[in-house]
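Subject: Structure handover

Dear colleague,

I am passing on the structure we spoke about, and below it you will find my notes on what came out of it. Please read them with the model open beside you.

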Amino acid sequence: MRTLHLLFTPAELDPASFRGRIFLPVDALRATTCIAQAIASGCVELYPFDSPYTLELFSRALPKGSYVTAMERECKRVEGADLGNSPAEFSPAACAGRKVLMSTSNGSPLIKSLEGAEEVIALSFPNLIAVAERLAAIDAAGVVVCAGWKGAFAMEDALCGGALASELKARNPGLVLTEAARTAMGLYEARKADLKAALWESESGRRLRAIGFDSDIDLCSRIGTISAVPQGKGIPIRFSEYGNAARPHAAAAKRGHSDPETGAGPGPGPGAAPLPLARDASQPGAPGQPSPATGGAKGAEPVPGAAPQKSPGGGGAQGKGAGAGDEAVERKMTLGQHLNELRRKLIFSILIILAAFVVCFLFSEEIVSLLIRPIDAAFTRVAMRDAVAEAESRGAKPPEGPELEAEAARLKGKIIAFKPEEIFMGYVKISLLAGLFVSSPLWMWQIWSFVAAGLYRRERRYVFVFAPAVFVFFSMGVVFLYFVLLPIGLGFLLGFGQNAIFWRSVSFGSYVNFFLLFSILMGVVFQMPLVMLFLTKAGIVSPKAFSGKRRHIIVAIFVVAAVITPPDVVSQILVAVPLMFLFELGLILSKIAYVRQVEPAGVQRKAA
């Protein structure tokens with residue numbers, strides 16, 4: 001190798017520099033260590049992905065049992081994944097003869113950004129010696145790219161890049177190092193005597209130790225214990241084996257490092273006790289070690305949730321079956337195919353809505369009759385009041401019984417139409433919105449089936465809980481509007497002013513718009529408990545903050561009730577009490593969510 005460059009963060013990466021260079025992504029804690037361990041354990045191919053969503057889309061075209069998933073976020077295994085991001089999980093029992101689909105917080109997005117590079121080699125402390133041997137025989141420039149932590153500098157990645165620079169410089173004194181590479185090498189030379197302690201004290205190391213992954217730091221800090229060189233090429237990038245199976249490298253034996261698979265000292269050592277596999281704190285039951293009698297993946301304990309592994313000749317992950325699967329994956333992952341799926345879902349949703357619209361339009365007379373019932377009743381009440389007031393203004397006896405009804409019918413307002421198309425368009429609008437509401441479970445399911453692949457299992461559970469709750473609370477808001485707020489509000493609004501001056505009539509289109517607007521407003525207002533629950537779950541507002549503002553919120557509720565109701569106490573209470581109930585319900589849900597979030601975190605901190 002002629003020149004070694006080093007980039008401390010992914011932001012320094014320039015795609016224009018890809019040509020003619022070998023790129024060495026490093027996420028020392030822990031992604032690239034896992035990649036090296038997976039390839040060394042017999043993994044057929046390893047695919048890095050920048051998100052669980054793209055990983056799941058990719059996996060749909062692969063035969064069941066031919067792959068395992070490895071997903072991590074915030075140092076913990078993603079629910080539903082076969083593996084996390086702990087190197088000890090990538091044993092032959094889990095990986096041999098299978099593809100590994102990986103998505104991690106920092107390492108795999110970095111590698112994904114290197115698509116288009118001529119050659120990519122995953123670098124870590126365990127395979128550092130093997131990588132150095134490979135690079136020493138190449139007449140090209142190399143670029144070490146540190147994954148960092150969420151785009152920021154990470155000391156352990158710089159140390160690994162510096163260790164590679166030191167090893168290459170020892171093999172080739174004429175090697176040209178950039179200033180960043182020399183800086184990283186100086187950092188490594190200063191800490192190589194206590195490398196494990198350096199990783200232990202790093203920010204990433206502290207995060208891992210806080211959740212019980214101490215053994216991962218030990219595995220990731222052992223230099224030269226893996227002789228596999230994961231080489232990645234293509235779009236999407238896929239890593240395959242460049243070296244041999246996982247065993248202590250010859251140079252590592254001289255340094256006194258041990259094998260992460262056996263836990264033995266220098267050399268394999270017959271009869272050495274196996275190292276217990278680290279378990280993911282978020283998902284118990286990591287895959288076990290292979291049986292010593294059978295070796296490799298044959299007869300080994302299967303990965304939980306994965307189909308039985310097929311033999312290479314049985315159309316599984318290797319041979320002709322693998323090639324066909326790869327072609328299917330390429331077709332599945334094209335943008336056109338993805339957009340076609342979205343188009344199909346949208347077309348089906350539109351057809352569902354149109355069918356529901358036609359059915360609702362056939363029953364539009366019944367729906368409109370139900371819709372105008374509140375304003376018709378308000379017209380009647382206001383007309384009776386006006387009939388009594390008119391008789392009293394003449395000094396006559398107020399009408400009663402049939403006489404009052406006849407007089408009210410004379411003074412009663414009407415729903416009118418100002419435009420020829422107003423009634424028809426009102427029926428169409430009402431039928432369309434009723435169709436949307438009635439068919440909402442079906443077309444929302446179509447949308448959900450498209451976006452669900454991009455969500456974690458925990459997020460899916462939230463959707464399954466929140467979506468029905470949103471529908472129920474919205475419906476409660478519309479019911480409250482129809483039976484409580486509209487009779488009170490329309491009676492007040494239509495009864496305002498003198499009948500001798502105003503003839504009370506309302507256009508059909510304006511009433512429909514009025515009803516729909518307030519239906520949406522009340523539906524949104526009735527989401528108050530769910531909004532409070534969401535703010536607490538997201539850590540934005542605590543129940544204590546809600547409780548501290550209780551008096552202000554109650555006053556605000558009564559002010560709103562006074563504005564939208566007639567000036568009498570009963571009407572204000574009828575509107576204010578349900579809103580207060582919603583706030584108290586939201587406060588209870590907020591406290592329950594807060595206790596469930598905070599108490600386990602406190603127990604975990606004490607345990608750490």
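I begin with a pair of helices, H5, which covers residues 128-136, and H6, whose axes come within 10 Å of each other and cross at roughly 50°. Because the angle between the axes has that value, H5 counts as oblique to H6, and the crossing in which H5 passes H6 is right-handed. On the H5 side the contact involves Leu128, Ile129, Val131, Ala132, Glu133, Leu135 and Ala136, and these meet Cys160, Ala163, Leu164, Glu167, Leu168 and Arg171 on the H6 side. Sorted by class, the residues of this contact between H5 and H6 comprise 10 nonpolar and 3 charged ones, with no polar residue. Please keep in mind throughout that this is a predicted model.

Helix H16 (residues 422-438) and helix H17 (residues 440-451) have axes that come within 5 Å and cross at roughly 65°. Leu436, Phe437 and Val438 of H16 make this contact together with Ser440, Pro441 and Trp443 of H17. The contact of H16 with H17 has 5 nonpolar residues and 1 polar residue, and no charged ones.

Turning to the strands, I would draw your attention to E8, which is mostly covered, with 6 of its 6 residues buried. In a regular strand the side chains alternate between the two faces of the sheet. Both faces of E8 are covered, for Ala141, Val143 and Val145 are buried on one side, and Gly142, Val144 and Cys146 are buried on the other.

Which strands pair with E8, and in what sense? Strand E1, residues 3-7, pairs with E8 in the parallel sense over 5 bridges, and within E1's part of the chain you can look for Leu4, which stands opposite Gly142 in E8. Strand E2 also pairs with E8 in the parallel sense, over 6 bridges, and Phe23 stands opposite Val143 in E8.

Several details of the backbone deserve a careful look. A cis peptide bond, with omega at about 20°, joins Leu29 and Arg30, and Arg30 itself is found in the loop that runs between strand E2 (21-26) and helix H1 (31-40).

Two residues other than glycine have a positive phi. For Glu74, phi is near 55°, and this residue lies in the loop between strand E4 (67-73) and strand E5 (76-77).

Among contacts between residues at least 6 apart in sequence, 77% join residues that are at least 24 apart.

With kind regards

Notes. Residues numbered from 1 in each chain as written. Predicted model: local features only at pLDDT ≥ 70, side-chain atom pairs only at ≥ 80, totals over all residues. Heavy atoms only, no water. Helix = DSSP H or I, 4+ residues; strand = E, 2+ residues; numbered from the N terminus. Axes fitted to C-alpha atoms, helices over the stretch in contact; angles between N-to-C directions. Parallel < 35°, antiparallel > 145°, perpendicular 65-115°, else oblique. Left-handed = near helix turned anticlockwise from the far one by under 90°. Contact = heavy atoms within 4.5 Å. Nonpolar A, V, L, I, M, F, W, Y, C, P; charged D, E, K, R; others polar. Buried < 20%, exposed > 50% of the residue type's maximum accessible area, 1.4 Å probe, protein only. Pairing = 2+ DSSP bridges.
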